[in-house]
Amino acid sequence: AMVDVNTTNLSMRDGAETILLFAASPNAGQNGEPIQSLVAFDKVHIPAGRSIVTTLKIESQHFTVASLTGERTVAKGAWKLWVGHDGHNKAVTVNVI
């Protein structure tokens, strides 16, 4: 899957931003599953007053969780995806079947 992220530099100086894409499994925070995982990132340079679109790729392995023995299995159900540390309240839902 691909996720497009639009980022705008509102300042009068050129700058850089690190784009972080997080995911939470259907059972995040339960039975040893992480609350969230970083699944993709990119560092982009943005000219002053401009916007850019960054495309982040999500691989199928990002929708898996590890057991206590280290075996990975697909976690079926509603996954949450969001951009940035504080973007959880703007998460989108992706159903993994």
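## Sheet

Four strands make up an open sheet ordered β3-β2-β7-β8, with antiparallel pairing. Strands here are DSSP E runs of at least two residues, numbered from the N terminus, and two of them pair if DSSP finds at least two bridges between them. The edges are held by β3 and β8 (92-96), each with a single partner strand, so one side of each has no neighbour in the sheet. On average, neighbouring strands of this sheet are turned by 20° against each other, direction ignored; the axes are lines fitted to C-alpha atoms.

Nine bridges join β2 and β3 in the antiparallel sense. Phe22 stands opposite Leu38 in β3.

## Basis of the model

The model is predicted: local features need pLDDT of at least 70, side-chain atom pairs count only at pLDDT 80 or more, and totals for chains, interfaces and linings use all residues. Residues are numbered from 1 along each chain as its sequence is written, and side-chain values use heavy atoms, leaving out hydrogens and water.

## Nonpolar core

The largest nonpolar core has 17 residues, of which Leu21, Leu56, Ile58 and Trp79 touch the most other members. Such a core is a set of buried Ala, Val, Leu, Ile, Met, Phe, Trp, Tyr and Cys residues joined through side-chain atoms within 4.5 Å, where buried means under 20% relative accessible area (1.4 Å probe, protein chains only). At least two core residues come from each of β1 (2-8), β2 (15-24), β3 (37-46) and β7 (77-83); β3 gives the largest share, four residues.

Leaving aside residues up to four places away in sequence, Ile58 touches Ala1, Val3, Leu21, Phe63 and Leu81; contact means heavy atoms within 4.5 Å.

## Lys76

Lys76 lies in the loop between β6 (72-74) and β7. Lys76 counts as exposed because its relative accessibility is 61%, the cut-off being over 50%. Beyond residues up to four places away in sequence, Lys76 touches Pro26, Val96 and Ile97. Pro26 is 50 residues from Lys76 along the chain, and their C-alpha atoms are separated by 7.4 Å.

Conventions. Axes fitted to C-alpha atoms, helices over the stretch in contact; angles between N-to-C directions.
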